[in-house]
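Let's walk through this structure together, one chain at a time. Please have the viewer open as you read.

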Amino acid sequence: MGGGDKYSVLLPTYNERENLPIITWLLCKYFKESNINYEIIVIDDGSPDGTLEVAKKLQEIYGEDRIVLRPRAKKLGLGTAYIHGIKHATGNYVIIMDADLSHHPKFIPEFIKKQKEGNYDLVSGTRYVGNGGVYGWDLKRKIISRGANYVTQVFLRPGASDLTGSFRLYRKDVLQKLVESCVSKGYVFQMELIIRARQFGFTIGEVPISFVDRVYGESKLGGSEIIGFAKGLLYLFATT
Amino acid sequence: MTKLVEWLTGIVLIMGPWTAVVTNTVKNEFTDQYFMYILLLPLVLVAMFGLVSVAIIAHRVYNFNVCNDAAEELTRQIKEAKEDLKKKGLKID
(Lines give C-alpha, C1' and ligand atoms only; values in the text may rest on other atoms or scores of the structure.)
Protein backbone atom coordinates (compact mmCIF):
# COMPACT_ATOMS: atom_id res chain seq x y z
CA MET A 1 0.00 0.00 0.00
CA GLY A 2 1.65 3.25 -1.11
CA GLY A 3 5.16 2.61 -2.30
CA GLY A 4 7.76 3.99 0.08
CA ASP A 5 5.37 5.53 2.61
CA LYS A 6 6.03 4.92 6.28
CA TYR A 7 3.65 5.73 9.13
CA SER A 8 4.96 6.68 12.56
CA VAL A 9 2.44 6.30 15.37
CA LEU A 10 3.16 8.65 18.27
CA LEU A 11 1.95 7.10 21.51
CA PRO A 12 2.41 9.32 24.56
CA THR A 13 1.86 7.16 27.63
CA TYR A 14 1.37 7.73 31.32
CA ASN A 15 0.44 4.72 33.47
CA GLU A 16 -0.69 2.57 30.57
CA ARG A 17 0.90 -0.69 31.67
CA GLU A 18 -2.25 -2.66 30.93
CA ASN A 19 -3.36 -0.93 27.75
CA LEU A 20 -0.02 -0.58 25.98
CA PRO A 21 0.29 -4.29 25.05
CA ILE A 22 -3.26 -4.32 23.68
CA ILE A 23 -2.94 -1.17 21.61
CA THR A 24 0.42 -2.39 20.29
CA TRP A 25 -1.05 -5.78 19.40
CA LEU A 26 -3.95 -4.11 17.58
CA LEU A 27 -1.71 -1.64 15.73
CA CYS A 28 0.66 -4.35 14.54
CA LYS A 29 -2.27 -6.54 13.52
CA TYR A 30 -3.94 -3.93 11.32
CA PHE A 31 -0.72 -2.58 9.85
CA LYS A 32 0.43 -6.09 8.96
CA GLU A 33 -2.95 -7.04 7.46
CA SER A 34 -2.88 -3.97 5.22
CA ASN A 35 0.80 -4.36 4.38
CA ILE A 36 1.68 -0.92 5.72
CA ASN A 37 5.19 0.09 6.73
CA TYR A 38 5.09 1.47 10.26
CA GLU A 39 6.76 2.19 13.55
CA ILE A 40 5.27 2.86 16.98
CA ILE A 41 7.07 5.51 19.01
CA VAL A 42 6.26 5.13 22.71
CA ILE A 43 6.83 8.35 24.63
CA ASP A 44 6.51 7.42 28.26
CA ASP A 45 6.64 10.24 30.78
CA GLY A 46 8.25 8.35 33.66
CA SER A 47 5.20 6.22 34.48
CA PRO A 48 5.46 4.85 38.00
CA ASP A 49 3.45 1.72 37.09
CA GLY A 50 6.12 0.12 34.94
CA THR A 51 4.79 1.05 31.50
CA LEU A 52 8.33 1.37 30.16
CA GLU A 53 9.23 -2.17 31.27
CA VAL A 54 6.20 -3.50 29.41
CA ALA A 55 7.22 -1.46 26.37
CA LYS A 56 10.67 -3.08 26.44
CA LYS A 57 9.08 -6.55 26.47
CA LEU A 58 6.94 -5.54 23.49
CA GLN A 59 10.12 -4.46 21.74
CA GLU A 60 11.49 -7.98 22.18
CA ILE A 61 8.33 -9.44 20.64
CA TYR A 62 7.83 -7.05 17.71
CA GLY A 63 11.33 -5.79 17.07
CA GLU A 64 13.19 -2.57 17.77
CA ASP A 65 12.46 -1.25 14.30
CA ARG A 66 8.72 -1.47 14.97
CA ILE A 67 8.60 -0.43 18.64
CA VAL A 68 10.72 2.63 19.28
CA LEU A 69 11.14 3.86 22.86
CA ARG A 70 11.74 7.53 23.50
CA PRO A 71 10.86 8.03 27.17
CA ARG A 72 11.05 11.23 29.18
CA ALA A 73 11.80 11.72 32.84
CA LYS A 74 8.45 13.13 33.89
CA LYS A 75 5.06 14.35 32.71
CA LEU A 76 5.84 17.15 30.31
CA GLY A 77 2.67 17.69 28.30
CA LEU A 78 1.31 16.61 24.96
CA GLY A 79 2.72 19.35 22.73
CA THR A 80 6.29 18.63 23.74
CA ALA A 81 5.60 14.88 23.48
CA TYR A 82 4.63 15.39 19.84
CA ILE A 83 7.74 17.50 19.16
CA HIS A 84 9.90 14.88 20.85
CA GLY A 85 8.21 12.09 18.90
CA ILE A 86 8.48 13.84 15.53
CA LYS A 87 12.23 14.33 16.06
CA HIS A 88 12.64 10.55 16.21
CA ALA A 89 10.04 9.59 13.62
CA THR A 90 11.44 7.98 10.48
CA GLY A 91 8.10 7.90 8.68
CA ASN A 92 6.82 10.58 6.32
CA TYR A 93 3.39 10.44 7.97
CA VAL A 94 2.57 10.69 11.66
CA ILE A 95 -0.47 9.28 13.45
CA ILE A 96 -1.59 10.75 16.73
CA MET A 97 -3.84 8.74 19.01
CA ASP A 98 -4.64 7.91 22.61
CA ALA A 99 -3.05 4.86 24.20
CA ASP A 100 -6.01 4.02 26.43
CA LEU A 101 -7.94 2.03 23.78
CA SER A 102 -10.51 4.78 23.18
CA HIS A 103 -9.15 5.04 19.64
CA HIS A 104 -9.21 1.84 17.61
CA PRO A 105 -6.34 1.11 15.18
CA LYS A 106 -8.77 -0.43 12.69
CA PHE A 107 -9.51 3.12 11.49
CA ILE A 108 -5.91 3.82 10.51
CA PRO A 109 -6.09 2.08 7.11
CA GLU A 110 -9.21 4.21 6.50
CA PHE A 111 -7.29 7.37 7.44
CA ILE A 112 -4.54 6.39 5.03
CA LYS A 113 -7.00 5.67 2.23
CA LYS A 114 -8.77 8.99 2.80
CA GLN A 115 -5.48 10.86 2.80
CA LYS A 116 -4.49 9.38 -0.52
CA GLU A 117 -7.93 10.02 -2.05
CA GLY A 118 -7.79 13.75 -1.46
CA ASN A 119 -4.06 14.22 -1.00
CA TYR A 120 -4.89 15.81 2.35
CA ASP A 121 -2.34 17.39 4.62
CA LEU A 122 -4.20 15.94 7.57
CA VAL A 123 -7.05 13.53 8.22
CA SER A 124 -9.13 13.93 11.36
CA GLY A 125 -11.19 11.22 13.02
CA THR A 126 -14.64 12.57 13.84
CA ARG A 127 -17.16 11.32 16.39
CA TYR A 128 -19.90 13.62 15.15
CA VAL A 129 -20.41 12.75 11.48
CA GLY A 130 -21.56 9.72 9.51
CA ASN A 131 -21.40 6.59 11.62
CA GLY A 132 -18.90 8.12 13.99
CA GLY A 133 -19.96 7.94 17.60
CA VAL A 134 -19.17 7.27 21.23
CA TYR A 135 -19.62 4.47 23.76
CA GLY A 136 -19.68 4.93 27.53
CA TRP A 137 -20.96 8.48 27.88
CA ASP A 138 -23.97 9.47 29.93
CA LEU A 139 -26.41 12.22 29.00
CA LYS A 140 -24.50 14.95 30.83
CA ARG A 141 -21.27 14.13 29.01
CA LYS A 142 -23.02 14.05 25.64
CA ILE A 143 -24.62 17.44 26.28
CA ILE A 144 -21.29 18.99 27.26
CA SER A 145 -19.60 17.49 24.20
CA ARG A 146 -22.21 18.58 21.68
CA GLY A 147 -22.68 21.94 23.38
CA ALA A 148 -18.98 22.74 23.38
CA ASN A 149 -18.63 21.58 19.80
CA TYR A 150 -21.58 23.75 18.73
CA VAL A 151 -20.18 26.85 20.43
CA THR A 152 -16.82 26.21 18.76
CA GLN A 153 -18.45 25.82 15.34
CA VAL A 154 -20.41 29.06 15.70
CA PHE A 155 -17.50 31.18 16.87
CA LEU A 156 -14.57 29.64 15.01
CA ARG A 157 -16.16 28.07 11.88
CA PRO A 158 -13.20 25.69 11.69
CA GLY A 159 -14.20 23.60 8.68
CA ALA A 160 -13.86 20.37 10.67
CA SER A 161 -16.65 18.67 12.59
CA ASP A 162 -14.67 17.33 15.56
CA LEU A 163 -12.24 19.87 16.94
CA THR A 164 -11.32 18.30 20.25
CA GLY A 165 -10.65 14.83 18.89
CA SER A 166 -7.09 13.54 19.03
CA PHE A 167 -7.12 10.65 16.57
CA ARG A 168 -5.50 12.09 13.44
CA LEU A 169 -3.09 11.45 10.61
CA TYR A 170 -0.71 14.21 9.56
CA ARG A 171 2.04 14.65 7.02
CA LYS A 172 5.10 14.79 9.25
CA ASP A 173 6.26 18.24 8.12
CA VAL A 174 2.72 19.60 8.50
CA LEU A 175 2.45 18.42 12.12
CA GLN A 176 5.88 19.81 12.86
CA LYS A 177 4.94 23.25 11.56
CA LEU A 178 1.62 23.20 13.42
CA VAL A 179 3.00 22.12 16.80
CA GLU A 180 5.65 24.82 16.61
CA SER A 181 2.97 27.47 16.11
CA CYS A 182 0.56 26.32 18.85
CA VAL A 183 0.60 27.67 22.40
CA SER A 184 -2.43 26.08 24.05
CA LYS A 185 -2.73 23.07 26.32
CA GLY A 186 -5.20 20.23 26.82
CA TYR A 187 -8.38 20.11 24.74
CA VAL A 188 -7.62 23.53 23.30
CA PHE A 189 -4.28 22.29 21.94
CA GLN A 190 -6.09 19.84 19.67
CA MET A 191 -8.47 22.62 18.61
CA GLU A 192 -5.62 25.00 17.90
CA LEU A 193 -3.90 22.40 15.69
CA ILE A 194 -6.92 22.33 13.38
CA ILE A 195 -7.47 26.09 13.44
CA ARG A 196 -3.82 26.78 12.62
CA ALA A 197 -3.98 24.16 9.87
CA ARG A 198 -6.79 26.13 8.26
CA GLN A 199 -4.87 29.38 8.76
CA PHE A 200 -1.86 27.94 6.93
CA GLY A 201 -4.07 26.68 4.13
CA PHE A 202 -3.56 22.98 4.85
CA THR A 203 -6.29 20.63 3.60
CA ILE A 204 -8.29 18.53 6.05
CA GLY A 205 -10.09 15.26 5.39
CA GLU A 206 -12.42 13.49 7.82
CA VAL A 207 -13.14 9.86 8.69
CA PRO A 208 -15.93 8.83 11.11
CA ILE A 209 -14.56 6.95 14.12
CA SER A 210 -15.98 5.27 17.17
CA PHE A 211 -14.67 6.42 20.54
CA VAL A 212 -14.94 3.84 23.33
CA ASP A 213 -14.58 5.61 26.66
CA ARG A 214 -13.62 3.12 29.38
CA VAL A 215 -12.25 5.71 31.81
CA TYR A 216 -15.16 8.14 31.90
CA GLY A 217 -15.96 7.32 35.50
CA GLU A 218 -12.39 8.04 36.55
CA SER A 219 -11.55 11.04 34.41
CA LYS A 220 -12.70 14.51 35.27
CA LEU A 221 -14.63 17.01 33.22
CA GLY A 222 -15.09 19.54 35.98
CA GLY A 223 -15.32 23.29 36.32
CA SER A 224 -11.65 23.94 35.74
CA GLU A 225 -11.66 22.02 32.44
CA ILE A 226 -14.68 23.98 31.25
CA ILE A 227 -13.12 27.31 32.23
CA GLY A 228 -9.91 26.30 30.51
CA PHE A 229 -11.88 25.44 27.38
CA ALA A 230 -13.71 28.80 27.44
CA LYS A 231 -10.45 30.71 27.88
CA GLY A 232 -8.86 28.79 25.03
CA LEU A 233 -11.85 29.39 22.79
CA LEU A 234 -11.68 33.11 23.54
CA TYR A 235 -7.97 33.15 22.74
CA LEU A 236 -8.52 31.47 19.37
CA PHE A 237 -11.52 33.71 18.66
CA ALA A 238 -9.47 36.82 19.23
CA THR A 239 -6.28 35.80 17.47
CA THR A 240 -7.27 33.76 14.41
CA MET B 1 -9.31 39.36 9.76
CA THR B 2 -9.73 37.51 13.03
CA LYS B 3 -13.10 36.06 14.04
CA LEU B 4 -13.35 38.73 16.71
CA VAL B 5 -12.99 41.50 14.14
CA GLU B 6 -15.51 39.77 11.85
CA TRP B 7 -18.08 39.64 14.63
CA LEU B 8 -17.43 43.23 15.72
CA THR B 9 -17.85 44.37 12.12
CA GLY B 10 -21.14 42.49 11.82
CA ILE B 11 -22.39 43.88 15.12
CA VAL B 12 -21.49 47.44 14.14
CA LEU B 13 -23.21 47.05 10.77
CA ILE B 14 -26.42 46.04 12.52
CA MET B 15 -26.24 48.18 15.65
CA GLY B 16 -25.20 51.32 13.76
CA PRO B 17 -28.47 51.85 11.92
CA TRP B 18 -30.40 50.51 14.92
CA THR B 19 -28.82 53.08 17.23
CA ALA B 20 -29.54 55.83 14.71
CA VAL B 21 -33.23 54.92 14.67
CA VAL B 22 -33.53 54.39 18.40
CA THR B 23 -31.94 57.73 19.25
CA ASN B 24 -34.12 59.47 16.67
CA THR B 25 -31.06 60.53 14.69
CA VAL B 26 -32.80 58.96 11.73
CA LYS B 27 -36.53 59.53 11.79
CA ASN B 28 -39.24 58.93 9.22
CA GLU B 29 -42.74 57.53 8.79
CA PHE B 30 -41.50 53.96 8.77
CA THR B 31 -39.41 54.26 11.92
CA ASP B 32 -42.24 56.05 13.72
CA GLN B 33 -44.75 53.35 12.84
CA TYR B 34 -42.53 50.42 13.79
CA PHE B 35 -40.48 52.04 16.56
CA MET B 36 -41.29 49.46 19.25
CA TYR B 37 -40.52 46.57 16.92
CA ILE B 38 -37.20 48.09 15.89
CA LEU B 39 -36.33 48.74 19.52
CA LEU B 40 -36.92 45.14 20.49
CA LEU B 41 -35.42 43.61 17.35
CA PRO B 42 -31.89 42.86 18.69
CA LEU B 43 -33.34 41.18 21.78
CA VAL B 44 -35.67 39.10 19.64
CA LEU B 45 -32.83 38.06 17.33
CA VAL B 46 -30.63 36.99 20.22
CA ALA B 47 -33.49 35.08 21.84
CA MET B 48 -34.27 33.32 18.56
CA PHE B 49 -30.62 32.43 18.10
CA GLY B 50 -30.59 31.02 21.62
CA LEU B 51 -33.70 28.91 21.02
CA VAL B 52 -32.45 27.59 17.68
CA SER B 53 -29.09 26.74 19.26
CA VAL B 54 -30.70 24.80 22.09
CA ALA B 55 -32.84 22.93 19.58
CA ILE B 56 -29.83 22.05 17.44
CA ILE B 57 -27.81 20.85 20.43
CA ALA B 58 -30.75 18.82 21.77
CA HIS B 59 -31.22 17.20 18.37
CA ARG B 60 -27.55 16.31 18.14
CA VAL B 61 -27.46 14.88 21.65
CA TYR B 62 -30.57 12.80 20.97
CA ASN B 63 -29.06 11.45 17.74
CA PHE B 64 -25.57 10.97 19.11
CA ASN B 65 -24.47 7.63 17.73
CA VAL B 66 -23.79 5.06 20.45
CA CYS B 67 -21.25 2.43 19.38
CA ASN B 68 -22.25 -0.73 21.21
CA ASP B 69 -20.70 -2.91 18.51
CA ALA B 70 -17.39 -1.14 18.88
CA ALA B 71 -17.37 -1.74 22.63
CA GLU B 72 -18.15 -5.45 22.20
CA GLU B 73 -15.52 -5.83 19.51
CA LEU B 74 -12.94 -4.17 21.73
CA THR B 75 -13.73 -6.46 24.66
CA ARG B 76 -13.37 -9.48 22.38
CA GLN B 77 -10.11 -8.25 20.91
CA ILE B 78 -8.61 -7.45 24.31
CA LYS B 79 -9.14 -11.08 25.27
CA GLU B 80 -7.67 -12.27 21.98
CA ALA B 81 -4.66 -9.98 22.37
CA LYS B 82 -3.96 -11.15 25.92
CA GLU B 83 -4.00 -14.80 24.87
CA ASP B 84 -1.79 -14.21 21.86
CA LEU B 85 0.70 -12.11 23.81
CA LYS B 86 0.87 -14.76 26.53
CA LYS B 87 1.95 -17.25 23.86
CA LYS B 88 4.59 -14.80 22.73
CA GLY B 89 5.95 -14.45 26.24
CA LEU B 90 4.19 -11.43 27.71
CA LYS B 91 1.87 -12.02 30.63
CA ILE B 92 -0.74 -9.38 31.39
CA ASP B 93 -2.89 -9.42 34.52
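Which pattern does chain B follow when read along the sequence? The pattern is α-α-α-α, with helices (H or I, at least four residues) and strands (E, at least two) taken as DSSP runs numbered from the N terminus. The radius of gyration of chain B, taken over C-alpha atoms, is 29 Å, well over the 12 Å that the globule rule (2.2 Å times the number of residues to the power 0.38) gives for 93 residues, so chain B is more spread out than a compact globule. Its C-alpha trace spans about 90 × 30 × 15 Å along the principal axes.

A word on conventions: this is a predicted model, where local features need pLDDT of at least 70 and side-chain atom pairs count only at pLDDT 80 or more, while totals for chains, interfaces and linings use all residues. Residues are numbered from 1 along each chain as its sequence is written, chains are lettered from A and ligands numbered from 1 in the order in which they are written, and side-chain values use heavy atoms, leaving out hydrogens and water.

Of the 93 residues in chain B, 24% are buried, meaning under 20% relative accessible area with a 1.4 Å probe, protein chains only.

Now turn to chain A, where seven strands form an open, mixed sheet in the order 3-2-1-4-7-5-8; two strands pair if DSSP finds at least two bridges between them. Strand 3 (67–69) and strand 8 (204–208) of chain A stand at the edges with a single partner strand each, so one side of each is left without a neighbour in the sheet. Within chain A, strand 1 (residues 6–13) and strand 4 (residues 93–96) run parallel, joined by four bridges. Here A:S8 stands opposite A:V94 in strand 4 of chain A.

Key:
Buried means under 20% relative accessible area, exposed over 50%, partly exposed in between (1.4 Å probe, protein chains only).
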